[in-house]
Amino acid sequence: MIVDLIEEFIFHLLISGIIFIIPLIHRSRFILRFIVATTLYFIFSIAIDYIVVEIFDGVSNRIYGYSFIALVLVMLFVYIILLCNISFWDALVVLANAYATQNLIYDLSKIIDAKENQPLKITFTIILQLGIYIIFYFLISKRASDGGKYDAPWTEAVLYFAVVVSVTLILSSITAYYETPLEMAQAFKIMRFYGAACCFFILIWNTTMQRRYSVQRKLDNQTMLWEQQNKQLNFSRGSIELINTKLHDLKHQLEKAENTDDPEIVRTSIHNAKELITLYNSTQNTGNAILDTILTEISMRCERDRINWSCIADGKGFESLENTDLYSIIHGLLDIAISLSEKVATSERRVLSVTTFVKKRLTIFQCESYYETLIDQKDELQYIQNIIEKYDGSLSVDTSNNIFMCTVVVPNNQKM
């Protein structure tokens with residue numbers, strides 16, 4: 001009997017985990033990882049059973065059961081991490097979902113109370129379990145994740161896992177009290193039904209919360225995008241005013257140059273004309289239209305704010321990024337760099353350097369600028385990092401020696 005329960009627990013916990021893994025972001029070579037991880041899961045789970053039996057030989061079944069459950073949960077957590085490219089806290093949410101689903105299925109199966117000599121009940125139990133897995137996949141699993149992950153804060157993940165474990169263990173302990181006496185069989189089934197209902201409502205509650213967080217994140221992203229667009233509009237107005245002012249000044253200087261023999265006035269007029277031509281010719285040609293737009297805007301902004309600008313850019317490796325994401329990443333980082341450089345008092349140190357290049361199957365973007373006072377940009381950087389992680393990329397920021405330097409690395413789809 002105990003062996004059957006152990007095998008049932010190991011199997012249903014794994015299946016429950018898989019239905020919550022399917023919609024998430026998978027690691028590379030997922031099929032191979034799945035086969036190896038599943039094999040290791042069963043091997044180690046059975047090994048854990050024997051180890052726990054040896055350690056807790058002669059101790060109560062309850063202590064043995066809790067110890068075994070804890071170790072198998074750890075195994076499933078490792079299983080989730082091996083297969084999914086998600087955060088530690090997201091994996092904890094998946095583990096809690098799987099454990100709650102396994103408990104719900106177990107409670108409902110105990111209510112039906114299928115015996116070996118009752119093939120109808122056994123068949124009904126199997127159909128019920130399969131139906132729950134299918135329903136939970138579409139009702140909870142697919143709806144809870146957003147873009148293949150949960151983005152769960154650590155506080156929410158820990159609290160949710162603690163609630164699931166506490167509720168299931170408490171209800172299991174209470175139910176175990178009614179399981180032995182035959183006269184309490186009805187109470188036993190009522191408690192099992194109550195346990196299944198609690199697990200179901202916990203899962204629905206978590207799914208609802210995840211959907212709310214997803215909507216809030218999208219709203220925050222739209223708000224940030226609107227703020228960026230508003231900044232761009234203000235900058236465009238400033239750039240137009242700058243060009244109009246230079247044109248107006250150049251017109252008067254050329255009129256003076258026509259009516260004078262002073263070589264200094266002529267040289268100044270020629271210099272200003274070249275500067276204005278340079279401003280008009282600041283359009284970038286990187287091979288990527290979105291990157292061209294961003295770098296052109298930034299170069300004009302540097303010209304306006306008297307920031308020394310240098311750029312060596314190859315935009316051919318950014319095709320895998322969506323246009324809005326590419327804009328948010330590059331423009332966001334350069335906006336931070338400029339805001340730091342603007343506060344540098346020494347003109348020689350007001351520098352912004354940008355480099356983008358492709359190395360094998362990676363696209364690398366780097367920018368750096370001096371700063372005197374470091375501004376807290378944690379929220380902006382976190383927003384940018386979240387976008388980069390969608391593409392299995394990375395963001396590193398170094399602020400040592402009064403230099404703000406950030407590096408973005410994202411995989412590209414270019415053929416070698």
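Start with helix H10, residues 323-341, in this predicted model. The helix has 19 residues and spans 27 Å from its first C-alpha to its last, close to the 27 Å expected at 1.5 Å a residue.

For the largest nonpolar core, select Leu13, Tyr41, Leu76 and Tyr79. This core has 50 residues, and these four have the most contacts inside it. Now show the helices that line up behind the selection in the list: H1 (2-21), H2 (30-55), H3 (61-83), H4 (88-112), H5 (119-144), H6 (154-179) and H7 (185-258) each supply at least two residues of the core. Which helix gives the most to this core? H4 does, with 11 residues.

Centre the view on Leu76. Leaving aside residues up to four places away in sequence, Leu76 touches Leu13, Leu14, Tyr41, Leu95 and Ala98.

Move to the aromatic residues. Select Phe77, Phe88, Trp89 and Trp154, which form one aromatic cluster. Within it, look at Phe88 and Trp89. Are their planes stacked or edge-to-face? The ring centres are 4.8 Å apart and the planes stand at 85°, so the pair is edge-to-face, since over 60 degrees counts as such. Both residues are partly exposed: Phe88 has a relative accessible area of 45%, and Trp89 has 30%. The count of aromatic pairs in the structure comes to 7.

Then select the cysteines. How many disulfides does a search of the whole structure find? The search finds 0. Cys302 is in no disulfide, and the nearest cysteine sulfur, that of Cys311, is 9.9 Å away; a disulfide would need the two sulfur atoms within 2.5 Å. Cys302 counts as buried, at 0% relative accessibility. Cys406 is also buried, with a relative accessible area of 0%.

Finally, zoom out to the whole protein chain. It contains 11 helices and 5 strands. Of its 416 residues, 41% count as buried. The chain exposes about 23,000 Å², and carbon and sulfur atoms supply 62% of that area. Among contacts between residues at least 6 apart in sequence, 74% join residues at least 24 apart.

Technical notes
Residues numbered from 1 in each chain as written. Predicted model: local features only at pLDDT ≥ 70, side-chain atom pairs only at ≥ 80, totals over all residues. Heavy atoms only, no water. Core = buried A, V, L, I, M, F, W, Y, C linked by side-chain atoms within 4.5 Å. Buried < 20%, exposed > 50% of the residue type's maximum accessible area, 1.4 Å probe, protein only. Helix = DSSP H or I, 4+ residues; strand = E, 2+ residues; numbered from the N terminus. Contact = heavy atoms within 4.5 Å. Expected span 1.5 Å × (residues − 1). Areas by Shrake-Rupley, 256 points an atom, 1.4 Å probe, with all protein chains shown as cover. Phe/Tyr/Trp six-rings, centres within 6.5 Å; stacked < 30°, edge-to-face > 60°.
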